[in-house]
Amino acid sequence: MDRDAAKQAAGEEAATFVEDGMTLGLGTGSTAAYALQAIGRRISEENLDVRGVPTSFGAERLAHRHGVPLTSLDDTATLDLGIDGADEVDPDLDLIKGGGAAHSREKVVATQAERFIVIVDPTKTVDRLGNSFALPIEVMPVAVTPITATLEDLGATADLREGDQKDGPVVTDQGLWVLDAHFPDGIADPHAVDEALSEHPGVLDHGLFLDLATDVLLGRPDGTVDHTTA
Ligand code: 5RP
């Protein structure tokens, strides 16, 4: 499957939802990058006046590159539209995010958006969250062992995410670490896991995005896009 073509179709379709005067949440990852590029193109071709809040250093740099003006939640507490990718989407439009370790900031931004459009390729759809992707959890280094024990109580095993071209753990934009939790049969009760982790000292946030997506745009390799609303 040509996943890139599917991601591009979803990203470019998402950019058509942007209107003059909007404030935007700018997502992170390869699919969100297609949306950012298309938004930048619309800004220069249609002279749109839009501002975006980036969800990561990566999104910030891409926005600069594509000419998308930036703002922050200090200036615009409510955003008209958030656009972001996901690692898994279930039939209720609940998500796992955090493949790029940006989920904590992504969740802050998505929560402030009146409409939150999720853009994915067909490999991201699952019957049950956790079936194909581990659940990322952003943690304080000092809390890795207690959080790992809690995850084991929840039926998961956890791996500390290691850098690819850097020795040692991945360090997030917030200066923290990431545990990837593998649930052997998927996550049977995402709300229970959400509650257990959200209350845990040392957890900044986890990659379960429950009841947040208003729309999912599923791009296909032939360039068509399926639109589902919550
Ligand atoms: C980053 C994310 C990304 O949105 C998610 O990993 C999807 O990335 P891609 O579009 O590259 O597959 O949550 O933290």
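**View 1. One salt bridge spans the interface of domain 1 and domain 2.** A salt bridge here is a side-chain nitrogen of Lys or Arg within 4 Å of a carboxyl oxygen of Asp or Glu. This is a predicted model, in which local features need pLDDT of at least 70 and side-chain atom pairs count only at pLDDT 80 or more, while totals for chains, interfaces and linings use all residues. Residues are numbered from 1 along each chain as its sequence is written, and side-chain values use heavy atoms, with hydrogens and water left out. Look for D205 and K107, whose side chains form a salt bridge with an N to O distance of 2.9 Å. On the side of domain 1 that touches domain 2, the elements giving two or more residues are β5 (95–96) and α4 (103–111). Helices (H or I, at least four residues) and strands (E, at least two) are DSSP runs, numbered from the N terminus. The largest share of that side, four residues, belongs to α4.

View 2. Domain 1 brings 15 residues to the contact and domain 2 brings 18 residues, where contact means heavy atoms within 4.5 Å. Between them the domains bury about 1,200 Å², with 54% of it on carbon and sulfur atoms. Buried area is the accessible area (1.4 Å probe) that two parts lose on being put together, summed over both. To find where domain 1 loses the most area to domain 2, go to H103, K107 and L210, which together make up 37% of what that side buries.

**View 3. The ligand is surrounded by 18 residues.** The closest are S30, T31, D87, G98 and K124. An N or O atom in the S30 side chain sits 2.5 Å from an oxygen atom of the ligand. T31 has a polar side-chain atom 2.5 Å from a ligand oxygen atom, and for D87 the corresponding distance is 2.6 Å.

**View 4. T28 sits in the loop between β1 (23–26) and α2 (30–46).** Its side chain makes a polar contact of 2.6 Å with the side chain of T55. The side chain of S56 also joins T28 in a polar contact, at 2.7 Å. Setting aside neighbours within four places in sequence, the residues in contact with T28 are T55, S56, A59, D84, A102 and E106.

**View 5. A salt bridge joins R3 and D121.** Their closest N and O atoms are 3.4 Å apart. This pair connects distant parts of the chain, 118 residues apart: R3 belongs to helix α1 (residues 3–15), and D121 to the loop between β6 (113–120) and β7 (135–139). Across the whole structure, the search finds 11 salt bridges.

Terms used. A residue is near a molecule or strand if one of its heavy atoms lies within 4 Å of it. A polar contact is a pair of N or O atoms within 3.5 Å; within protein, one must be able to donate a hydrogen and the other to accept it, and residues adjacent in sequence count only if both atoms are side-chain atoms.
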